[in-house]
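Have the structure open beside the text as you read.

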2 protein chains.
Amino acid sequence: VQPASIERLAAAFARLPGIGPRTAQRLTYHVLTRPEDEVRTLAQALIEVKELIGECRICFNLAEGPECVICRDPRRDPALLCVVEGPADVLPIERTHEYRGRYHVLGGALSPVDGIGPQDLHLEELYRRVVAGDPDLPGDPGGTGSRITEVVVATNPTTAGEATALQIGADLGRLAPQVTVTRLASGLPVGADLEHADEVTLGRAFAGRRAL
Amino acid sequence: VQPASIERLAAAFARLPGIGPRTAQRLTYHVLTRPEDEVRTLAQALIEVKELIGECRICFNLAEGPECVICRDPRRDPALLCVVEGPADVLPIERTHEYRGRYHVLGGALSPVDGIGPQDLHLEELYRRVVAGDPDLPGDPGGTGSRITEVVVATNPTTAGEATALQIGADLGRLAPQVTVTRLASGLPVGADLEHADEVTLGRAFAGRRAL
């Protein structure tokens with residue numbers, strides 16, 4: 001009992017993650033009440049993001065053009081490299097303002113059960129960066145070799161993320177033993193209480209305890 | 001630290017109701033992982049819905065073309081008319097499969113504090129339909145006058161919706177005293193328990209009690 005164009009938009013909204021059929025219907029009605037130029041802005045943004053965004057040739061983060069804004073930024077510390085699973089992991093780290101180095105996006109994590117092995121991730125490119133540097137980037141001019149002194153492995157605290165971190169630690173220990181490889185701390189989230197912490201998190205918090 | 005086209009799409013998503021900045025960011029990353037034709041389908045659906053959808057000239061429901069699919073349907077009972085506040089109220093009623101008449105969409109509800117008076121709603125058009133009928137519609141051919149015998153007022157059970165229902169009841173009692181005007185029952189929602197019912201709903205449930 002709905003016009004076909006309404007059904008089509010509701011179906012397209014419902015394909016987005018976390019949006020069920022009722023929310024999709026509500027969004028569709030909302031769109032109908034908005035001015036046409038506002039709706040065109042959303043439609044245009046959808047098309048442009050697909051046309052303009054590709055992978056950074058250095059770090060595989062999302063980029064408009066050949067390099068991402070972080071790799072292009074000369075104020076970034078060339079001695080630090082943070083390894084993440086996906087582009088979505090970069091923004092939360094940037095929000096902390098704790099980290100001023102560059103990134104390397106793996107494109108996933110090792111998971112033999114899902115058929116994801118080392119060749120499916122940007123691991124070779126990571127090792128090449130750590131060993132030989134990024135000759136084209138500001139802060140590493142003339143290709144005088146790598147200035148990276150620390151690799152912070154920020155894969156997720158999951159089975160796949162841990163396996164990936166261990167693999168990177170082992171490989172870099174062999175290929176670039178002068179480089180420090182670190183892992184983000186695991187423990188209780190700030191604001192949580194002990195009573196509701198799961199035993200794995202609490203176990204990690206104990207294992208990683210520090211002197212006050 | 002994000003490309004401009006990503007920021008634009010996240011901002012456009014965040015203007016949708018119930019979508020905060022984090023969800024907007026997540027949707028944006030999702031779009032980046034989807035095939036281009038799937039994203040174009042959503043963009044195209046957004047533009048088409050604005051281009052194709054207008055108001056039904058009979059009932060003010062959403063319509064592609066001059067009349068909505070319900071007004072055009074000759075199997076609809078021409079004796080029944082259901083009055084709702086907005087187009088979004090039609091679909092939940094249709095889902096019940098309890099109602100086989102036509103609709104009249106008011107475009108809101110009376111609310112003096114919000115400056116919404118009778119002239120802001122499609123009340124005159126409602127009264128004209130009830131008194132004179134819908135001469136152009138199947139089931140009411142040749143303009144032989146109204147066949148409507150019952151008007152079901154399905155405005156929301158809110159202050160504004162109740163005020164609108166009372167107004168319609170009073171006006172139609174004067175203009176079309178032969179027509180029965182009814183109101184949807186108020187009471188406990190199916191599946192609810194008494195313990196958690198608010199007192200207004202419980203009071204309505206008592207007032208509207210029926211013989212078993």
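In β5(B), Val153(B) is the bridge partner of Val83(B). The strands concerned are β3 (residues 77-84) of chain B and β5(B), which pair in the parallel sense over four bridges. Here two strands pair if DSSP finds at least two bridges between them, and helices (H or I, at least four residues) and strands (E, at least two) are DSSP runs numbered from the N terminus.

Before going further, a word on the conventions. This is a predicted model, in which local features need pLDDT of at least 70 and side-chain atom pairs count only at pLDDT 80 or more, while totals for chains, interfaces and linings use all residues. Residues are numbered from 1 along each chain as its sequence is written, chains are lettered from A and ligands numbered from 1 in the order in which they are written, and side-chain values use heavy atoms, with hydrogens and water left out.

**The sheet**

Val153(B) also stands opposite Arg183(B) in β6(B). Strand β5 (residues 150-153) of chain B runs parallel to strand β6 (residues 180-183) of chain B, and four bridges join the two. Between them the chain passes through helix α7 (residues 159-175) of chain B, in a right-handed β-α-β crossover. Right-handed means that, with the strands pointing away from the viewer, the path from the first strand over the helix to the second runs clockwise.

What is the order of the strands in the open sheet of chain A? It reads β4-β3-β5-β6, four strands with parallel pairing. At the edges lie β4 (101-105) and β6 (180-183) of chain A, each pairing on one side only. Direction ignored, neighbouring strands of this sheet are turned by 25° against each other on average. Strand β5 (residues 150-153) of chain A is joined to β6(A) by four bridges in the parallel sense, and Val151(A) has Val181(A) as its bridge partner in β6(A).

Helix α6 (residues 123-132) of chain A lies across β3 (77-84), β4 and β5 of chain A, at about 155° to β4(A). Helix α7 (residues 159-175) of chain A packs on the sheet, touching β3, β5 and β6 of chain A, and its direction makes about 170° with that of β6(A). Contact means heavy atoms within 4.5 Å; axes are lines fitted to C-alpha atoms, for helices over the stretch in contact, and angles run from 0 to 180 degrees between N-to-C directions.

**Where the chains meet**

| Helix of chain A | Helix of chain B | Angle | Axes apart |
|---|---|---|---|
| α3 (residues 36-52) | α2 (residues 21-33) | about 55° | 9 Å |
| α1 (residues 4-14) | α3 (residues 36-52) | about 150° | 9 Å |

α3(A) and α2(B) are therefore oblique to each other, whereas α1(A) and α3(B) are roughly antiparallel. Angles under 35 degrees count as roughly parallel, over 145 as roughly antiparallel, 65 to 115 as roughly perpendicular and the rest as oblique.

In the pair α3(A) and α2(B), Leu46(A), Val49(A) and Lys50(A) touch Val31(B), Leu32(B) and Thr33(B). In the other pair, the residues of α1(A) that meet α3(B) include Ile6(A), Leu9(A) and Phe13(A).

**Symmetry**

Chain B superposes on chain A by a rotation of 180° with 0.0 Å of shift along its axis (RMSD 0.0 Å), by least squares on the C-alpha atoms of residues with pLDDT of at least 70 in both. That is the relation of a two-fold axis.
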